[in-house]
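Open the model in your viewer and keep the selection tool at hand. The tour goes stop by stop.

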Amino acid sequence: MSKQETEYDVLVIGTGASGMSAAVTAAYEGLQVLVVDKAPVYGGTTARSGGWLWIPGTRLAKEQGIHEPAGAARAYLQHEATTHFDAARVDAFIENGPKAIDFFTSKTCVQFDMPPVFPDYHAEAPGGQPGGRSMVTRPFDARELGERVAQLAPPVPELTVFGMMLGSGKELWHFLRAFKSLESFWYVTKRFGGHLLDVVRHGRGMTLTNGNALAGRLAKAGMDLNVPVWLNAPVGKLIVEGDAVVGATVVRNGTPVDVRARRGVVLACGGFPHDIERRKQLFPHAPTGREHFTPSPELNTGDGLRLGESVGGWVDPTIPNAAAWCPTSVTKRKDGSQGVMPHFIDRAKPGVIAVTAKGRRFTNEALSYHDFVQDLVKASKGAPEVGAWLICDHQHLREYGLGAVAPFPLPIGKHLKSGYLKRAHSLEELAKLIGVPAGALKEEVETFNRDASSGVDSRFAKGSTAYNRYQGDSLVTPNPCMAPIRKGPFYALKIVVGEIGTFAGLATDASCQVLTSAGQPVKGLYAVGNDAASIMGGNYPGAGITLGPALTFGYVVGQTLAKRTERIDAAPSRPAVQRQHAHAA
């Protein structure tokens, strides 16, 4: 089979937020850009995400009347990143984040909404803020994508209702109160009606929200700039000439194509959530690499990291947390496949606790998902499995739901039948059913119930921080995160460890150029998104700390490549060399 060859200014590998923001920025600046992805759909992890971005100091915040103290964002990130604080990259993020938002919201169809209050996860820490840094992608009409909508990666099924994506924030609030408020009932009725009409007309819902909206908006921005996207097009090799990466071999329609990149190759492959070997190396809770349950796309297997390493790039194995941890639960879908449900906010609602196999609470359940898992891993030390049980009563389950179990009026029978949800008429029976000591479980519930009456969690201070309270129920007093677990039947749901993206990635400089272990740049090669080491140093300080830097550094690398005036392989003083290929694996 003969090999083909083509040439562009920039080759971007990956169609998530980081890759598409790089492509859109570079194309807007007049460069010829090609985007490739080995998946049959575009959007990557972004399409499955919440669609939130954490970027300090934006115009959107100032329009809300939120003006940060000078240096607060830097102080916060230095506090959060601790030993892995990278001053140059953090400064580049803080400087360019607002510029990226201005560019995308003024020059493209990519738009965001910022709630006046969404606290940083550690708002009480130095430089933390009660709001003004986390924004969410504005809903998007999928019909604007035309036929391309059929290739958009779907959201996580467990996060939809009859296939309908629920927007974070106010929309979710309405759905939880549909039978408590006439306004919310009317809102939900209209939303359902519109969704069902779309399904009849188009075969799917057309109102994209959250990460699906961001993936759709970035795709449309690329379409408006005539950026070609090759799907089902895996990259196996980087093309190296002398000391520079000058392109990659892409398999398109079964034929290898050498794609020359005059100004650079951008790795944006989504990190390594399904790379068993690297999980084994970097995830303490997964000694074989398989004790981990992720909702990330199955094809995110670490290609970008391996490509970077093949030409001298370096992945730092010392980062304190190699991924953005998230408690998950494992479900069985109608087709028999395994579903993975991330538990973002249900733990913070009043009337639910988490206990280990010993029947004991181990942390503040309303902590961020990342912090919660770290405490779970510590509490499970020496145990045969890293896992816990969420415990609640019938009133709580039907009012708020739990994991993939939706609140009233949706039925719960299928979850009981599958074993996903456990039910018993007494705490003693429930303890026996899930294999925890009955005395310990009963004691924990009794203590929690006593504390709920005063609103002060004497064990773990649930509901004591701004973020805790934001995720609770503001209508519940005196503590929005606490209510007694009193009347049976009682329920239990097992949670295990997963993530919503990986943190350990290729070392890069402030312009996103890949670095060797000695800190030297790999000429012609850039990494963004989860293929680059997180600037958060293995911590998770606020909603959107993956997508905020992804969009920002995509913008940065696009601007960097646009300002480059020479070809990567232009080196008149260097003698001609034989072209060689660096393999991905």
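How do the residues of the lining of the second largest pocket divide into nonpolar, polar and charged? The lining holds 8 nonpolar, 6 polar and 3 charged residues. Keep in mind throughout that this is a predicted model.

**Stop 1: the second largest pocket**

Select Asp86, Arg89, Asp316, Ala507 and Ala533. Of the 17 residues lining the second largest pocket, these are the closest to its centre. The space in this pocket comes to about 260 Å³.

**Stop 2: the cavity**

A probe the size of a water molecule, rolled over the atoms, shows where empty space is left. Searching the whole structure turns up 1 cavity of 30 Å³ or more. The largest cavity holds about 180 Å³ of space. To find the cavity, select Gly529, Ala532, Ala533, Ser534 and Pro549, which lie nearest its centre among 18 lining residues. Ala533 is already on screen: it is also one of the residues closest to the centre of the second largest pocket. Now colour helix α16, residues 547–563. This helix gives the largest share of the cavity lining, 3 residues.

**Stop 3: the nonpolar cores**

Leave α16 coloured. The largest nonpolar core has 125 residues. The largest share of this core, 8 residues, comes from α16. A second, separate core has 18 residues, including Ile353, Leu430, Val445 and Ala452.

Return to the largest core and select Leu11, Ile13, Val33, Val36, Phe112, Val266 and Leu525, the residues with the most contacts inside it. Centre on Val36. Beyond its neighbours within four places in sequence, Val36 is in contact with Leu11, Val12, Ile13, Gly14, Trp230, Ala233, Val235 and Val250.

Step from Val36 to one of these partners, Val235. Val235 sits in strand β11, residues 235–241. It counts as buried, because its relative accessibility is 11% and the cut-off for buried is under 20%. Draw a C-alpha to C-alpha distance from Val235 to Met482: they are 247 residues apart in sequence and 50 Å apart in space.

For another pair, select Pro256 and Gln4. They are 252 residues apart in sequence, and their C-alpha atoms are 6.4 Å apart in space. Pro256 belongs to strand β13, residues 255–267. With 23% relative accessibility, Pro256 counts as partly exposed.

**Stop 4: helix α3**

Select residues 72–81, helix α3. Ala72, Ala73, Tyr76, Leu77, Glu80 and Ala81 are buried here. Look down the axis: the buried residues fall within an arc of 150°, so they line one face of α3. In an α-helix there are 3.6 residues a turn, so residues three or four places apart point the same way. The buried residues of α3 pack against β3 (52–54) and α4 (87–107).

**Stop 5: helix α13**

Move to residues 427–434, helix α13. Which residues of α13 are buried? They are Leu427, Leu430, Ala431 and Ile434. These residues are on the same side of α13, because they cover an arc of only 100° around the axis. Leu430 also belongs to the second core. Show the cover over the buried residues of α13: it includes β17 (387–393), β18 (421–424), α14 (438–454) and β19 (490–502). Just after α13, Gly435 has a positive phi of about 80°.

Select Thr356 next. It lies in the loop between β16 (352–355) and α10 (369–379). At 9% relative accessibility, Thr356 counts as buried. Leaving out residues up to four places away in sequence, Thr356 touches Phe362, Ala379, Gly387, Ala388 and Val436.

**Stop 6: backbone details**

Most residues other than glycine have a negative phi, and most peptide bonds are trans.

- Pro409 lies in the loop between α11 (394–400) and α12 (413–418).
- Thr477 to Pro478: a cis peptide bond, omega about 0°. Pro478 is in the loop between α15 (466–471) and β19.
- Ala461: phi is positive, near 60°. Ala461 lies in the loop between α14 and α15 and counts as partly exposed at 31% relative accessibility.
- Cys512: phi is positive, near 80°. Cys512 is in the loop between β19 and β20 (513–515) and counts as buried at 2% relative accessibility.

Note on methods. Residues are numbered from 1 along each chain as its sequence is written. This is a predicted model: local features need pLDDT of at least 70, side-chain atom pairs count only at pLDDT 80 or more; totals for chains, interfaces and linings use all residues. Side-chain values use heavy atoms; hydrogens and water are left out. On a 1 Å grid over the protein atoms alone, a cavity is a set of points where a 1.4 Å probe fits but cannot get out, and a pocket is an open set with protein on both sides within 12 Å along at least five of seven lines; lining residues have an atom within 4 Å of a point. Grid points are joined across faces, edges and corners, and a volume is the space filled by probe spheres set on the points. Ala, Val, Leu, Ile, Met, Phe, Trp, Tyr, Cys and Pro count as nonpolar, Asp, Glu, Lys and Arg as charged, and the others, Gly among them, as polar. Buried means under 20% relative accessible area, exposed over 50%, partly exposed in between (1.4 Å probe, protein chains only). Helices (H or I, at least four residues) and strands (E, at least two) are DSSP runs, numbered from the N terminus. The arc is that of the directions from the helix axis to the C-beta atoms. Contact means heavy atoms within 4.5 Å. A nonpolar core is a set of buried Ala, Val, Leu, Ile, Met, Phe, Trp, Tyr and Cys residues joined through side-chain atoms within 4.5 Å.
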